[in-house]
Amino acid sequence: MSEAFTEWLRSRTDEQLRALAMSRPELITPVPAHVTGLAARAGTPSALGRALDRLDRFALAVAENLALAPGPLRALRDRLRRSGPAPAGAVDRALDGALERLRTMALVHGPDSDLRLAPGVSAALDPPAGLGPPIADVFRHHAPEAVEVLLEDLGAPADGGVPRERLARVFADPERVRRLLGEISPQARAALDELAWGPSSGRVPNARREVRPADAQSPIEELLARGLLGATGEESVALPREVGLVLRDGRLHRDLSPVPPPLDGITRDRDLADRTGAGQAFGFVRSAEELCELWSVDAPGVLRTGGLAVRDLKRTAQALDVPEWAAAFLVEIVHAAGLIASGGSIDGEWLPTAAYDTWLVRSTEERWAALASAWLTLDRAPGLAGGRDERDRLLNALHPDLRRSAAIEVRAKTLAVLAGAEPGLAPSTESVLDRLAWEQPRRRGGHRSEFTEFTLREAELIGVTGLGAMSGHGRALLDGGRAEAAEALAPLLPEPVDKVLLQADLTAVAPGPLTSDLGRWLALAADVESKGGATVYRFSEGSVRRVLDAGQSAEELLAMLERHSATPVPQPLSYLVGDVARRHGRLRVGTASAYIRCDDPAVLEEVLADRRSNALRLRRLAPTVVASKTSRATLIDSLRAMGYAPVAESLDGDVMISRPDARRTESPPARAVNGFHGPEPEAVAAAIRAIRAGDAAHRSHLERLPEPGGALPRSPATATITALQEAIRQGTRVWIGYLDSQGQATSRILEPARMEGGYLTAYDETRAAIHRFALHRITGVADVN
Amino acid sequence: MNDGPLIVQSDKTLLLEVEHERADDCRKAIAPFAELERAPEHVHTYRVTPLALWNARAAGHDAEQVIDALISYSRYPVPHALLVDVAETMARYGRLKLDKHPTHGLVLTSTDRAVLEEVLRSKKIQPMLGERLPDDTVVVHPSERGNIKQALLKLGWPAEDLAGYVDGEAHPIILTEEGWELRSYQREAADAFWHGGSGVVVLPCGAGKTIVGAAAMARAQATTLILVTNTVSVHQWKQELLKRTSLTEAEIGEYTGAKKEIRPVTIATYQVMTAKRQGEYRHLELFDARDWGLIVYDEVHLLPAPIFRMTADLQARRRVGLTATLVREDGREGDVFSLIGPKRYDAPWKEMENQGWIAPADCVEVRVTLTDEERLAYAMSDNEERYRFCATTPSKLRVTEALVRRHAGEQVLVIGQYIDQLDELAEHLDAPVIKGETRVRERERLFQAFRDKEIQVLVVSKVANFSIDLPEAAVAIQVSGTFGSRQEEAQRLGRVLRPKASGGGARFYSVVSRDTVDQDFAAHRQRFLAEQGYAYQIIDADDVLR
């Protein structure tokens, strides 16, 4: 561990350390005991890997240049200016920013006159910028005699040193390498140029052949004979780093851009994009509702391994009239938003939750915001559903296998790119991928570019983008949150209408979203033929009968139609209603005191006369009303058994239209996933305070505070936790009572840093060290004073 | 919020609110790429199908125009997926082209190699192709011009046929506009066809499709083969052509079961063309008998399958199809598109009616309640016999009589399916009957007497479904039909749609047995007309009898 680095780290201000922890949160999990610990943690390969992954193309290039040649800022700047076509001013500006960031992340330390990489960074970056290994490494496995021969051919003075090291000294001189390059044929030079910008290794047969410059038969042999290429295996050769650098003319990169590549695409009218996004949002909410309604009555089973069967997904997609990927996405979002969960019978079924019912009564924009924010924090990749994983296993929607931690991060990055684009710009997928590749060049492979594509199409489907451009409400969701998003979306949504157009071909057209009451009623009274901005319903004998079954009379049905029709009810429709009613039963049953109501006294007489009704203990109240002592349910069942078709009536005399077959799961909704966001600033601040304190103690062996005397503090558990949280936030010290592992009651003065998983991490002033305390053993908290 | 008249649905239907002030403009903008599916009183439904989009491409519209029309008239945001789909579908048309090569004859060319490779791999396409030439060009056997178009359409890559037409044998034909003139829409239809080369003109019954045919012939100035549904229709075409054009009796030939004349203009029936002897089509030579410059297909929606096959071999000749509806009960709309040609012109029925070109009509469904004995018999009848039983129930007799009485003094047609029923009706109504076995001469005498109002009531079987010109028929009573055939219902209504000398409207009754399959079939039959905006009023037979 470099002492200089540790000292540099220690010299950073608290604010700078907090910035470090914010940018590399893994360094304070768990909180290291002191700055030396922090420095050690920062130098581990895994922590460095994660830090480097967060660098953009340019900052990474800065680090790579420093890996190759640490030193003054001037030289670095010079090399970078030559690394691409960008104007010097832009490079300088970007360099200042990149250095600031690298220092903040503790990847670079030292003054401008002597910039150095933090310990371990060089190794983590190796090989930098696609260069080959140093020549000493290339010839590591060559026989010393062979290297001697090569040295002789190169005209190196025989000074008796280790051959490999002498070789390295020869090649360390760029002039020397340049002279060697001047000796070779153009074909050989062309072969080298192929390797110059990477990949720096190639395949040739019989790579280990021994060749002298005079006997070289082919371009490759010319190169091998001069050490410009070295064999690294039976059939592989590598370009030594020193040669590569000369070929690259002393720079590491040739087309380095100091700024992210611009996004290109189609510029949309912003209004149109917003409205299209709103249209998609509206459709998505509607599909979510349809999905839940569908599954309330026809719940798909939970697979034995979890998840939703492919067959059920197909069926759902068909019923909702959407492609399968969209159905999988919808199912995942609805699940993530807690609207469906597994439950029901023993084998398990996917059923709507009680939360669905509360979601349902909220406004469309709030419902959308709930779904869209569930998407932002979804740590799964719904786009993979229906495909196969690395082991060729089928991936099912809602299955645990769809968890991909990268998905949430790529989604956030992709959306950030979209949000950062010119308003109205619908960037092409390629340019988004290019931008992301620049922003995180080390993050490649896996499903990352696929995840970006998923994100783009999902954003369009859910309405965060409209025609490919970030919509106003999408931006509000990303910048603000649910409330802001709902507020931005509300004015773009169509007003609900309470009038439909009835037509003679027995269709009804609702030219917009219906008020929820009317919508539900129509869904019962007619069959939906077409959906979208409007809804087309068709009345049929069956649908009219459904209304009558639900207890409304033909007159009530027609009155309802008249009330909600902009035009007179067409004759064929009223004829249809009359025709169906002609053959339909007319019994009605009430709840409050269990009564039977019927417009036709004769029917009641019939009921009373039936011997089977004796058990119901019926009493006639009026020619059209009969009361019963039994419960409504028993009454209805018995009447049905007698062959009537009674319906339930609510307190105020309305018929209760409910689908008795709609079911809900008892299980709680899925736990909301902790979203992709940085660490909490308060926690970071507390952690840094603890490190500082620990460091001070560690270095000066600070005197421990004496244990405070007197009775141990005692407080109820909830109060303890609240007080500790408050102390973390405020950065104040507290006095606690603690039962140690032997059960001994002790008294401590703490500076709490973090609380998680039932433990408190804090700097213990009475022990002068950072400790973890089990929360359940803390007897109470009191103010230090 | 955009206050447009159009609502775009996610299932690719378009709802047009007709009372909206911009509805007319909108209709014009969307008509090229959307098929009118339903036209009831308030909201018309159009459907955007691949065929409709390709029709639009063939007519020179591009995806941008389509998308622009959708966005600018749509009240709500247009679903993104739909826009993408429109652009993709339209881009499929014309990737492949059939063209004439100076040395290799008919060739298939492509601007997109991937598409060409895809279709070349198809087992259906391979046998039709010859040598592969450079520049993504493949030789097509000239005889496969029609088949390859059919096959490519099925693969979803409709080819644009640019191989041109033979001129055929020239023959002067002039429209003689004396005492009448070509209506504006008839001229537009003929022009649209001519510029497109080949294709289909969609006009309502009674809108003068024969004249559009004559106008097309006048544009072609060439020998013409006309294919029609039956012999009576042959005679009517002949009469019309004599009346409307410079053609003389000697220039028009009839090619029917009875006569086999081949003249510069020859009118043949589908039936004679598809007649087989010993498994061979006997009259195929008619197609080669002359160097036809134009082939007219009357009632394209009825084109029988063998005619499609024959048409596949006639792709080098100009073809015009005439029909009231592209709806086919057999779903072969795609074959009409690839073999006859894209839709070149259409006009909605109600619009024609509003402009006075066809008579307004009231459609009434009369529901007859079966007597108890009839119900019992109906319930016990065999499945195959059920429709016949309820369609010919004696109760209908009384209702029909009452209806005829109600319209005493008007020209009434009674149309039915079953001969027994028709004979019985004729007897009760004391009216002559025309059925399959009635001789042509006798048929024409009766039709003429009906036109001259010498007889007022005529009972006809389905032989009179098509193309019988009876301008003064004001009332049609349908007592039974060919199950649920939608186009038959439209054709029958068409019998009474000619504008009346009196300027009055027409009335169409459909007598139906309540609560039987007759009622179900009737509902299906009525769909096309209901969708065209004809509202069926439903009344009880008792109201008629009272």
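This is a predicted model: local features need pLDDT of at least 70, side-chain atom pairs count only at pLDDT 80 or more; totals for chains, interfaces and linings use all residues.
Helix 16 of chain B spans residues 383–391, and its buried residues are Y387(B), C390(B) and A391(B). Why do these residues sit on the same side of helix 16 of chain B? Around the axis they cover an arc of only 105°, which puts them on the same side of the helix.

Let us move on to the sheets of chain B. In one of them, 7 strands form an open sheet with parallel pairing, in the order 12-13-11-16-17-10-18. Strand 12 (252–255) and strand 18 (343–346) of chain B stand at the edges; each has a single partner strand, so one side of each is left without a neighbour in the sheet. From one strand to the next, the twist averages 20°. For a look at one pairing, follow strand 11 (residues 224–228) of chain B, which pairs in the parallel sense with strand 16 (residues 294–298) of chain B over 4 bridges. Here T224(B) stands opposite L294(B) in strand 16 of chain B.

Another open sheet of chain B has 5 strands in the order 7-8-6-5-9, and its pairing is mixed. Its edge strands are strand 7 (129–133) and strand 9 (160–161) of chain B, each of which pairs on one side only. Strand 9 of chain B runs parallel to strand 5 (residues 96–101) of chain B, and 2 bridges join them. Across this pairing, K97(B) stands opposite E160(B) in strand 9 of chain B. Which helix packs on this sheet? Helix 5 (residues 113–120) of chain B does, touching strand 5, strand 6 (105–110) and strand 8 (137–140) of chain B. The direction of helix 5 makes about 120° with that of strand 6 of chain B.

Finally, step out to where the two chains meet. The contact takes 28 residues from chain A and 25 residues from chain B. On the side of chain A that touches chain B, helix 16 (270–297), strand 13 (507–510) and helix 29 (571–582) of chain A each supply at least two residues. Helix 16 of chain A gives the most to that side, with 6 residues.

Methods. Residues are numbered from 1 along each chain as its sequence is written. Chains are lettered from A and ligands numbered from 1 in the order in which they are written. Two residues are in contact if their C-beta atoms, placed from the backbone, lie within 7 Å. Two strands pair if DSSP finds at least two bridges between them. Axes are lines fitted to C-alpha atoms, for helices over the stretch in contact, and angles run from 0 to 180 degrees between N-to-C directions. A residue is buried if 20 or more other C-beta atoms lie within 10 Å of its own, exposed if 12 or fewer, and partly exposed in between; C-beta atoms are placed from the backbone. The arc is that of the directions from the helix axis to the C-beta atoms.
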